[in-house]
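I opened this notebook to record, entry by entry, what I looked up in the structure shown here.

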Amino acid sequence: MTTYITTPIYYVNAQPHLGHAYTTIVADTYSRFKRLTGDTVRFQTGTDEHGDKIAEAAAREEESPKEYVDRISGMFKSTWPLLDIKPDFFIRTTDKNHVATVQKILQQVYDKGDIYFDKYSGQYCTGCERFLTEKELVDGKCPDHQTIPEEITEQNYFFRMSRYQQDLIDHIHANPEFITPERYRNEVLSFLSEPLEDLCISRPTSRLTWGIPLPFDDTFVTYVWFDALINYLTGIGYPDGDDFETYWNVAEHVIAKDILKPHAIYWPTMILSMGLPLYKKLHVHGYWNVDETKMSKSIGNVVRPAELVEEYGVDCLRYFTLREMSFGLDASFSADAIIARKNSDLANDLGNLYSRSTAMLFKYTDGIVPATVSTEDDTVLRDLAAAVLVTYQETMSNFQFHRALQAAWELISQANKYIVSNEPWALVKDPERIDRLHTVLYNLAETLRLLTLLLQPVMPGTCRKMAAGLGLAEDSPLVTDLKNNGGWGMIEAGTGLQKIDALFPRVETKKKKQQPAKQKSEKVSKKQKEKKKQKAEVAEGVISFDQFQKVELRVAEIVAAEAVRKSDRLLKLTVKAPEERVIVAGIAEYYKPEDIVGMQVLIVANLQPAKLMGIESQGMVLAAKVEEDGKSRLVLSTVSVPVPAGSGVA
Ligand code: MSP
């Protein structure tokens, strides 16, 4: 099988930040996963170097555009190895090949009659590098850049996008996985339900010279999207290269939601006009915020990946981003969140399992993997490993990286329990139970091998270390070949372990400053007053209809659910109601996260947000409180038939 995976090509008007890093980590992880399954893979990223924004940025830096793009493109190129990201090809839109092919395609589409010259007047946003429709503006501003677009009238060339609208709609209906996750597919279909306007694809050279000249009119250059999107073809040698033949029909693009329209509408209609088959899939993820706030230069909260690598290590960053973001939804970065993941998931769970298991192997069998006698006692661990493998492959293939990691962590947690319940330290003292000890140690070594294999796409460096510790070569099929070695019992008895350093040193957290006493007591008394007031209200026992009407109840659809760190009681739910929000609910004792995704529940939508275990909860989920045998449990309230998410409750 063959895989071709791409990231957007990043504008060189800014240096790489966490958002760029995430998309590229995703594509790198997916390409590594596909290699594990035996696919021939091509992974492409690069830089987008033409257009107004770039010309302006170069002028600001007092550099020529060429000097400027070389410098910033170089920064992107040199950032990726720091994150252990290994693209097969790095494309630049100033590459000669790319320029020549863009011109060839423009001529072809022009000759076909799909490009025409016309007068145009519209609201142009420099940030988006495109004209915005009236409908897209919010309070007269571009919603993404919060700027008032410029009214521009000029003659330009247009691409007949509208001609391909119906073909595109038909394709999306016939191929439900063309755009994923589903929310973005729906967004595109809803946009396509209105007539499409044709796409302006040029700029007069009187206004912009930093672009590719139109082959049929050199007083114009191409508008940025007609240039940039074509990189996905030029990078694989379109039209004559072998790689084009090999890879085009399996092309998968990863982007964030900001460039959904260009990728889901402009690009497919361009491809249809060229007479090529459409790309296979578009994977769309959400946005990284920082401490719940939009990342922006003006706020000064831009997170640089190189600094995170320095502070936490490359694999911690890769793991954190993939584990913390549910692909498709927004996520928030904070130092607390990454430290918590490092200390709890990496140092405590994975790191401890590795060091405990290998320490026992060194102590009890001189660092040699012992032979095993298979017994019924171990089926729980083995069955779980088999189930994890299935979930892992399915979720990794579907870009649900957080779920794949959750599954791997179930195996880690089961293996930690296995140690506790089998007590190897007791077995070693009993000469009659040495066989059992060997079996337990073998199973632990095998679990570590399997984890090395599964975690390799996410944390390649750590897995290289783990493989070395298990006495396996970095490229041993036992840790690089999922197709043949995903099963149980592959590590050979007699394999000699090597001592390695701890995988993840813990990060010491600074203690929070004590609040000054006075402030504290002020707070307490305010709280007490509030409580008193509430008590007085509750004592009356009844509420008026007016009071009841103030409570806004809605139907919400659970789109993601996960356990809250350090809490046995809480689950963090991401719901659609219809806007997306996070609700922290005390239902962990009664529901597994994976069982409630997709469920429609009732929520109180207008409750003042409250922080629970550091997570802001924007509402409350309703549940029946059932008393049985002196115990109580919660049963989520739901609707009897599916209804649109966000429906009110009367
Ligand atoms: N040059 C165009 C893309 C052309 S592709 C044919 C462009 N460049 S960009 O530099 O603005 O990159 C946008 C992409 O960067 C997003 O789609 C996403 O991959 C990544 N991100 C930028 N900021 C982001 C976040 N805050 N969060 C997540 N990803 C984001 O658009």
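Entry one. In this predicted model, I began with the contact in which Ile54, Ala57 and Ala58 of α2 meet Pro65, Tyr68 and Val69 of α3. Sorting the residues of this contact, I noted 6 nonpolar, no polar and no charged. I then looked up the geometry and found that the axes of helix α2 (residues 52–60) and helix α3 (residues 65–82) come within 9 Å and cross at roughly 95°. Angles of 65 to 115 degrees count as roughly perpendicular, and α2 and α3 are therefore roughly perpendicular to each other.

Entry two. I turned to the aromatic rings, for which the structure holds 28 pairs. For Tyr22 and Trp288 I noted ring centres 5.8 Å apart and planes at 70°, so the pair is edge-to-face. Since Tyr22 belongs to helix α1 (residues 18–36) and Trp288 to strand β14 (residues 288–290), the pair ties together parts that are 266 residues apart in sequence. I also checked accessibility here, and both Tyr22 and Trp288 are buried.

Buried means under 20% relative accessible area, so Tyr238 counts as buried at 12%, and Phe244 counts as buried at 10%.

Last, I looked at a charge over a ring, where Lys499 lies over the face of Phe362 at 4.7 Å from the ring centre.

Methods: Residues numbered from 1 in each chain as written. Predicted model: local features only at pLDDT ≥ 70, side-chain atom pairs only at ≥ 80, totals over all residues. Heavy atoms only, no water. Axes fitted to C-alpha atoms, helices over the stretch in contact; angles between N-to-C directions. Helix = DSSP H or I, 4+ residues; strand = E, 2+ residues; numbered from the N terminus. Parallel < 35°, antiparallel > 145°, perpendicular 65-115°, else oblique. Contact = heavy atoms within 4.5 Å. Nonpolar A, V, L, I, M, F, W, Y, C, P; charged D, E, K, R; others polar. Phe/Tyr/Trp six-rings, centres within 6.5 Å; stacked < 30°, edge-to-face > 60°. Buried < 20%, exposed > 50% of the residue type's maximum accessible area, 1.4 Å probe, protein only. Lys NZ or Arg CZ within 6 Å of the ring centre and 35° of its normal.
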